[in-house]
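Let's take a walk through a protein model together. Have a look at the picture first, and then we will go through it step by step.

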Amino acid sequence: MSRFKEGDAVRIRADFPQGHIRAPYFTRGRRGRILQITGPYANAEELAYGRAGEHELLYRIRFRQQDLWPDYHGSPRDTLVADFYEHWLDSGDAL
Amino acid sequence: MSLGHDPHSHPQQADSEDEPYSHEQLMAAALEELLIDKGLISSGDMSGALDYWASKTPADGARLVTRYWTDPDFAQRVHANLNSAAAELGIDIGSTPVVAVGNTPELHNVVVCTLCSCYPIGLLGESPGWYKSRAYRSRVVSEPRTVLAEFGTQIPADIEVRVHDSTADLRYIVIPMRPEGTAEMSEEELEEWITRDCMIGTAVPKRLAEE
């Protein structure tokens, strides 16, 4: 049912559409791992326009900070977690 | 600058010490008037909702954290479904799922909403102005340790700092570590240690001022 499972490596789609987008810009094209699959939610990117918003699985993705910011100066242990609808995720192996 | 299609209502007018109304404020006021005129909501609905949100304070979050510290079964229920665990304490936080993220000796959590200002109002009350500022939202994701240090919170390099960005359908509350030397304290005494910022993650419980 879900395209991915917890622990899988994924890549956030490097896509830059106009409009109401819930995938933070700084994560697009970045690699992370699935921390948790939280369940289905109505896609807020559609709800924002008064459309029905199909239910999609929402994933919590954990990134290493040094994968998000090339000049990250904190600890190499540091991480960031954000939640994404499934349509933002590609396999971590994808180019 | 009248918004009025209703001859009985007064036009919006800023108090003399205010800046002129912004475009967004005028649009919000116009939308409210229209919704009321069309009978979709009443002015009582509006004031009731505002009163409800204004009644929320970080004291409810502190009660939840204290019970979490003192009752391991409750802590498990918080992780299974925080919204229903809060209801056990008589705290109604609505239906948006809130996730508890616990600090440990190896992990420090801090919460932000980079896209807007999502916040667990039901547990913490209205968010502080800095939480909504562009400076906090942009900097805490890219230089969290520097931002935490500006709040007086130094995290050693061997502890992972994990930033939680509330991007879609989840809200977060940080469960701080229970301070040492508090084993004998009552729940009421413990609640005084748990400030709003401890539950956002920009602070950790500190000795009280009189110490």
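How far does helix α2 (residues 43-54) of chain B reach from its first C-alpha to its last? Keep in mind that this is a predicted model. The helix has 12 residues and spans 16 Å, close to the 16 Å expected at 1.5 Å a residue.

If you draw a box along the principal axes, the C-alpha atoms of chain B fill roughly 65 × 40 × 35 Å. Next, consider the contacts in chain B between residues at least 6 apart in sequence: 66% of them join residues at least 24 apart.

Now for the place where the two chains meet. Here 19 residues of chain A are in contact with 17 residues of chain B. On the side of chain A that touches chain B, the elements giving two or more residues are β2 (31-42) and β4 (79-85) of chain A. The largest share, six residues, comes from β4(A). What kinds of residues make up this side of chain A? They divide into 11 nonpolar, four polar and four charged.

Finally, follow β4(A) across to the other chain. Four bridges join β4(A) to strand β3 (residues 160-165) of chain B, and the two strands run parallel. To find a spot in this pairing, look for A:Val81, which stands opposite B:His164 in β3(B).

Methods: Residues numbered from 1 in each chain as written. Chains lettered and ligands numbered in written order. Predicted model: local features only at pLDDT ≥ 70, side-chain atom pairs only at ≥ 80, totals over all residues. Contact = placed C-beta atoms within 7 Å. Nonpolar A, V, L, I, M, F, W, Y, C, P; charged D, E, K, R; others polar. Pairing = 2+ DSSP bridges. Expected span 1.5 Å × (residues − 1).
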